[in-house]
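Here is a short tour of a few spots worth a look. Have the model open and follow along.

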Amino acid sequence: MRFTACRDVDSVSTTPRPIALVTGGSRGIGAETARLLALAGFDVAINYHTNTEAAGSVLNEIKEEGGSGFIIQGDIGCEADIDRLFEKIDQRAGHLGVLVNNAGILSTQSALADMSSQRIRHIIETNVVGTLLCTREAVRRMSRRFGGEGGSIVNVSSAASRLGSPDEYVDYAASKGAIDTLTLGLAKEEGPYGIRVNAVRPGFIDTDIHRDGGEPGRVARLAGSIPLKRGGTAREVADAIVWLISDEASYVNGALLDIAGGR
Ligand code: NAP
């Protein structure tokens with residue numbers, strides 16, 4: 001794949017690598033995306049919430065492959081943490097060229113009737129408000145209307161935004177609906193200023209997130225309901241994210257790409 005932003009980057013170049021920020025880059029889909037973006041030549045900012053060890057091991061793997069990156073702790077549901085995260089990015093040599101809004105949370109499977117307001121607010125603060133604030137900060141740095149060089153934003157939505165997740169987590173599904181709408185609107189708003197904005201909508205992907213929903217074996221249980229008869233892998237989603245960022249997708253803007261095995 002080609003990445004214009006990285007074309008001058010090689011082991012002898014003094015040109016700083018463009019920065020790609022991956023929120024929630026320590027595990028699952030985010031970790032796979034961080035690894036691939038480092039291979040593509042980006043200086044990868046690996047954001048994580050609590051698991052310093054996991055973030056550190058993604059960074060070590062990147063460095064062993066000759067890539068560049070750094071880890072940044074920060075809760076995407078906390079505005080002060082987001083401010084601190086972008087301050088650290090501003091201290092690096094390269095400019096921000098990519099944002100992957102991957103961090104997202106869900107809570108224990110439940111009907112809406114049984115959800116506490118605290119839980120609902122936590123999901124929306126993290127998945128919606130946090131994503132909006134990260135995106136705002138990225139746009140301020142990337143948009144040509146503010147003197148930036150343009151770039152690419154990929155939002156990690158979910159098939160839940162069109163399926164609704166009844167009796168599991170409609171709060172989470174609703175938060176992903178907001179991410180779809182953000183993608184459509186921002187693609188139109190910032191396309192003229194050099195930023196492409198797209199989203200992936202994964203289906204059942206084999207990661208730790210299902211443990212947070214109270215059912216670690218959820219993907220295996222539901223595999224039979226998927227036309228391809230299996231869950232997806234984090235790598236399959238990361239490949240699509242990186243393609244959307246690449247020059248091969250240079251005319252793709254405002255797309256919601258389903259990666260759900262046909263479900
Ligand atoms: P995962 O394996 O559970 O990994 C979650 C990642 O997000 C970790 O790096 C975690 O950091 C980080 N994170 C969690 N809360 C955070 C916060 N408040 N601030 C910053 N980082 C935070 O999850 P995943 O399955 O890869 O999910 C990634 C994205 O894909 C999410 O947006 C999710 O909604 C979406 N998605 C997943 C599936 C699926 O089936 N897996 C399907 C559709 C959509 P720590 O390591 O520090 O905890």
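## The surroundings of Arg 196

Arg 196 touches a set of residues beyond its own stretch of sequence: Gly 151, Ser 152 and Ile 153, then Leu 244, Ile 245 and Ser 246, and also Ala 249, Ser 250, Val 252 and Asn 253. Keep in mind as you look around that this is a predicted model. Arg 196 itself belongs to strand E6, which covers residues 195-202.

What does a buried arginine do without a salt bridge here? The nearest side chain of opposite charge is that of Asp 247, 6.0 Å away. Backbone oxygens are within reach, though: the Arg 196 side chain comes to 2.8 Å from the one of Ala 249 and to 3.0 Å from the one of Val 252.

## A cavity

How many cavities of 30 Å³ or more does the structure hold? There is 1, and the largest cavity has about 40 Å³ of space. Its lining is made up of Asn 101, Ala 103, Asn 127, Thr 131, Asn 155, Val 156, Lys 176 and Ile 179. Helix H4 (117-142), strand E5 (151-156) and helix H6 (170-190) each give two or more residues to that lining.

## Asp 171 in helix H6

Helix H6 also holds Asp 171. Is Asp 171 buried or exposed? With a relative accessible area of 5%, Asp 171 counts as buried, because the cut-off for that is under 20%.

The contacts of Asp 171 include Met 115, Arg 119, Ile 120, Ile 123 and Ile 124. Thr 131 sits 40 residues from Asp 171 along the chain, and their C-alpha atoms are separated by 16 Å.

Note on methods: Residues are numbered from 1 along each chain as its sequence is written. This is a predicted model: local features need pLDDT of at least 70, side-chain atom pairs count only at pLDDT 80 or more; totals for chains, interfaces and linings use all residues. Side-chain values use heavy atoms; hydrogens and water are left out. Helices (H or I, at least four residues) and strands (E, at least two) are DSSP runs, numbered from the N terminus. Buried means under 20% relative accessible area, exposed over 50%, partly exposed in between (1.4 Å probe, protein chains only). Lys and Arg count as positive and Asp and Glu as negative; His and the chain ends are not counted. A salt bridge is a side-chain nitrogen of Lys or Arg within 4 Å of a carboxyl oxygen of Asp or Glu. A polar contact is a pair of N or O atoms within 3.5 Å; within protein, one must be able to donate a hydrogen and the other to accept it, and residues adjacent in sequence count only if both atoms are side-chain atoms. Contact means heavy atoms within 4.5 Å. On a 1 Å grid over the protein atoms alone, a cavity is a set of points where a 1.4 Å probe fits but cannot get out, and a pocket is an open set with protein on both sides within 12 Å along at least five of seven lines; lining residues have an atom within 4 Å of a point. Grid points are joined across faces, edges and corners, and a volume is the space filled by probe spheres set on the points. Lists of a residue's contacts leave out its neighbours within four places in sequence.
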